[in-house]
Amino acid sequence: MTVRIDPEGHETEALFALVELEGREVLEIGCGDGRLTWRYADRVAHVTAIEPFGDSIARANLRLSEAPTERVEFRHVLFEDLAAASDADVFDVALLSWSLC
Amino acid sequence: MVHALEEIHRLLRPGGTLIEIHPALEVPFVEVRSNGELLFSEEDPGYDYEDDLRCAEEAVATAVGRGVFVSEDRRRFELRTHASSVEELREYWAVYGAYDPEEKEETLVRQQDEMYARAHDVLEHSPGAELEYVEPAMMSRLSCS
């Protein structure tokens, strides 16, 4: 057995109850290895998922390479750097994922 | 943290939504279950990030107080991490928890080791049982004001 995180789907149940993601442009901050990203990615128009830790984003990109989709983009970047390089008003939903503390 | 929230506000379109997820201000716990039956449940004595969580909650409250976001709704949920053994779970945490730059106090580490040893004993005598790390969490929806 490998470690399984939230097989009950409690996290996505809360997420889908709180926000409509269909067709939205999403920014996920602190995506880790993409664990949560993949659970909602099929609903969104596009998700830019960012993570400052290289090992995690490498695992995320490995999985992306195994199931390529233009909906999902994993980026190894600090939020401050992404924000500094971004125009205003570009995302419909921001997901701050276990990374504010 | 408040500045980060203000930057997120700038990147969001008018009427955009911020979903913020963080551990709740509750002690996580470890369970052993077999076919749904609870065989073991103890709080994680290694929990030591309450101050960080309070900072996160204060940052959101400050952003709302400044009128950056409007708090609309929030939900509590439990994030359960399942493993077949203590070793498997702790190996996972060794990788996942590697982001935490702070070392735990020696006393907390010892108490945590003892708790996991008790969980291990229960697992050893319960073929097919699973270890679950249960992390109470909070998910909030905030909209751009």
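## Helix 2 of chain B

Helix 2 of chain B has 16 residues and spans 22 Å from its first C-alpha to its last, close to the 22 Å expected at 1.5 Å a residue. The expected span of a helix is 1.5 Å times one less than its number of residues. Helices (H or I, at least four residues) and strands (E, at least two) are DSSP runs, numbered from the N terminus. The model is a predicted one, in which local features need pLDDT of at least 70 and side-chain atom pairs count only at pLDDT 80 or more, while totals for chains, interfaces and linings use all residues. Residues are numbered from 1 along each chain as its sequence is written, and chains are lettered from A and ligands numbered from 1 in the order in which they are written.

Which residues of helix 2 of chain B are buried? They are B:Ala56, B:Val60 and B:Ala63. Seen down the helix axis, the buried residues of helix 2 of chain B fall within an arc of 65 degrees, so they line one face of the helix. The arc is that of the directions from the helix axis to the C-beta atoms. An α-helix has 3.6 residues a turn, so residues three or four places apart point the same way. On the other side of helix 2 of chain B, B:Asp51, B:Arg54, B:Ala61 and B:Gly65 are exposed. A residue is buried if 20 or more other C-beta atoms lie within 10 Å of its own, exposed if 12 or fewer, and partly exposed in between, with C-beta atoms placed from the backbone. The buried residues of helix 2 pack against helix 1, strand 1, strand 4 and strand 5 of chain B. After helix 2 of chain B comes B:Gly67, with a positive phi near 85 degrees.

## Chain B as a whole

Chain B contains 4 helices and 5 strands. Read from the N terminus, the order of its elements is α-β-β-β-α-β-α-α-β. Of the 145 residues of chain B, 30% count as buried.

The radius of gyration of chain B is 19 Å, whereas a compact globule of 145 residues would have one near 15 Å. This radius is taken over C-alpha atoms, and the globule rule is 2.2 Å times the number of residues to the power 0.38. Along the principal axes, the C-alpha atoms of chain B fill a box of roughly 55 × 35 × 20 Å. Among contacts in chain B between residues at least 6 apart in sequence, 83% join residues at least 24 apart. Two residues are in contact if their C-beta atoms, placed from the backbone, lie within 7 Å.

## Strand 5 of chain B and its partners

In strand 5 of chain B, 11 of the 15 residues are buried, so this strand is largely enclosed by the rest of the structure. Strand 4 of chain B pairs with strand 5 of chain B in the antiparallel sense over 14 bridges, and B:Ser71 has B:Leu142 of strand 5 as its bridge partner. Two strands pair if DSSP finds at least two bridges between them.

Strand 1 of chain B also pairs with strand 5 of chain B in the antiparallel sense, over 7 bridges. Here B:Thr17 stands opposite B:Ser143 in strand 5. Strand 2 of chain B is joined to strand 5 of chain B by 5 bridges, and these two strands run antiparallel. B:Arg33 has B:Glu130 of strand 5 of chain B as its bridge partner.

## Where the chains meet

How many residues of chain B are in contact with chain A? There are 38, and they meet 32 residues of chain A. Strand 1 of chain B gives the most to this side, with 10 residues. The side of chain B that touches chain A divides into 21 nonpolar, 6 polar and 11 charged residues. Ala, Val, Leu, Ile, Met, Phe, Trp, Tyr, Cys and Pro count as nonpolar, Asp, Glu, Lys and Arg as charged, and the others, Gly among them, as polar.

Strand 1 (residues 4-5) of chain A and strand 4 of chain B run antiparallel and are joined by 2 bridges. A:Ile5 has B:Thr81 in strand 4 of chain B as its bridge partner. A:Leu15, in helix 1 (residues 10-18) of chain A, is buried, with 23 other C-beta atoms within 10 Å. Leaving aside neighbours within four places in sequence, A:Leu15 is in contact with A:Tyr40, B:Ile19 and B:Met139.
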